[in-house]
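Morning, everyone. Let me put the model on the screen and walk you through it.

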Amino acid sequence: MASLTRLKAVGKLKPSSTVLMVCDIQERFKSVIHEWDKMVTVSKTMIDAANIMQMPVVVSEQYPKAFLHTVNEIQSSFDKSAKIFEKKKFSMLTEDCKKHLQSFKTE
């Protein structure tokens with residue numbers, strides 16, 4: 001019951017003021033993430049929904065020289081507007097990403 005109460009507190013998401021953030025779903029992490037296939041399936045579903053609702057998709061890649069890029073199964077769902085940010089810190093909110101997010105209008 002507590003989960004339902006928290007869900008109501010969030011309210012409805014508005015596509016015009018919502019961004020989907022996809023964090024570090026990269027090749028080298030396949031063997032260390034529990035239930036990888038399910039995570040990829042859910043991520044693809046969320047990206048597909050964001051595309052349908054014309055919501056921006058922001059993607060991070062942790063040091064792709066070492067960990068490679070976002071897996072092909074996920075990349076295939078990105079539309080041309082998806083913005084990918086490479087990073088070397090644990091937060092998705094790099095300075096470049098923050099600037100990109102600030103470019104969106106809010107209601």
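Buried residues make up 31% of the 107 residues in this protein. Buried here means under 20% relative accessible area, exposed means over 50%, and partly exposed is in between, with a 1.4 Å probe and protein chains only. Keep in mind that this is a predicted model: local features need pLDDT of at least 70, side-chain atom pairs count only at pLDDT 80 or more, and totals for chains, interfaces and linings use all residues. Residues are numbered from 1 along each chain as its sequence is written, and side-chain values use heavy atoms, with hydrogens and water left out.

Now the layout. The protein has five helices and three strands. Helices (H or I, at least four residues) and strands (E, at least two) are DSSP runs, numbered from the N terminus. In order from the N terminus, the elements read α-β-α-β-α-α-β-α. Next, contacts, meaning heavy atoms within 4.5 Å. Take those between residues at least 6 apart in sequence: 79% of them join residues at least 24 apart.

On to the sheet. The three strands form an open sheet, ordered E1-E2-E3, with parallel pairing. Two strands pair if DSSP finds at least two bridges between them. Which strands stand at the edges? E1 and E3 do, each with a single partner strand, so one side of each has no neighbour in the sheet. The twist averages 20° from one strand to the next. Between E2 and E3, the parallel pairing runs over five bridges. There, Val58 stands opposite Lys83 in E3.

Two helices deserve a look here. H2 packs on the sheet and touches E1 and E2; its direction makes about 150° with that of E1. Helix H5, residues 95–102, lies across E1, E2 and E3, at about 155° to E3. A note on those angles: axes are lines fitted to C-alpha atoms, for helices over the stretch in contact, and angles run from 0 to 180 degrees between N-to-C directions.

Next, the core. A nonpolar core is a set of buried Ala, Val, Leu, Ile, Met, Phe, Trp, Tyr and Cys residues joined through side-chain atoms within 4.5 Å. The largest one has 15 residues, and Val22, Ile25, Val57, Ile74 and Phe78 touch the most other members. Strand E1 (20–23), helix H2 (36–52) and E2 each give two or more residues to this core. Which element gives the most? H2, with four residues. As for Val22, leave aside neighbours within four places in sequence, and its contacts are Ile47, Val57, Val58, Val59, Ser60 and Met92.

Now the end of E2. Gln62 lies in that strand, which spans residues 57–62. Is Gln62 buried or exposed? Buried, because its relative accessibility is 11%. The Gln62 side chain makes a polar contact with the side chain of Lys87, at 2.7 Å. A polar contact is a pair of N or O atoms within 3.5 Å; within protein, one must be able to donate a hydrogen and the other to accept it, and residues adjacent in sequence count only if both atoms are side-chain atoms. Not counting residues up to four places away in sequence, Gln62 touches residues including Asp24, Phe29, Lys87 and Phe90.

Two residues stand out by backbone angle. Tyr63 has a positive phi of about 30° and is not a glycine. Tyr63 sits in the loop between E2 and helix H3 (64–67). At 32% relative accessibility, Tyr63 is partly exposed. Leu68, also not a glycine, has a positive phi of about 65°. Leu68 is in the loop between H3 and helix H4 (72–75). Its relative accessibility is 33%, so Leu68 is partly exposed.

Over to E3, residues 83–87, which holds Glu86. Glu86 is exposed, at 54% relative accessible area. Beyond its neighbours within four places in sequence, Glu86 contacts Glu61, Pro64 and His69.

For Cys23, the nearest cysteine sulfur is that of Cys97, 9.8 Å away. Cys23 is partly exposed, at 38% relative accessibility. Cys97 is buried, at 1%.

Key
A disulfide is a pair of cysteine sulfur atoms within 2.5 Å.
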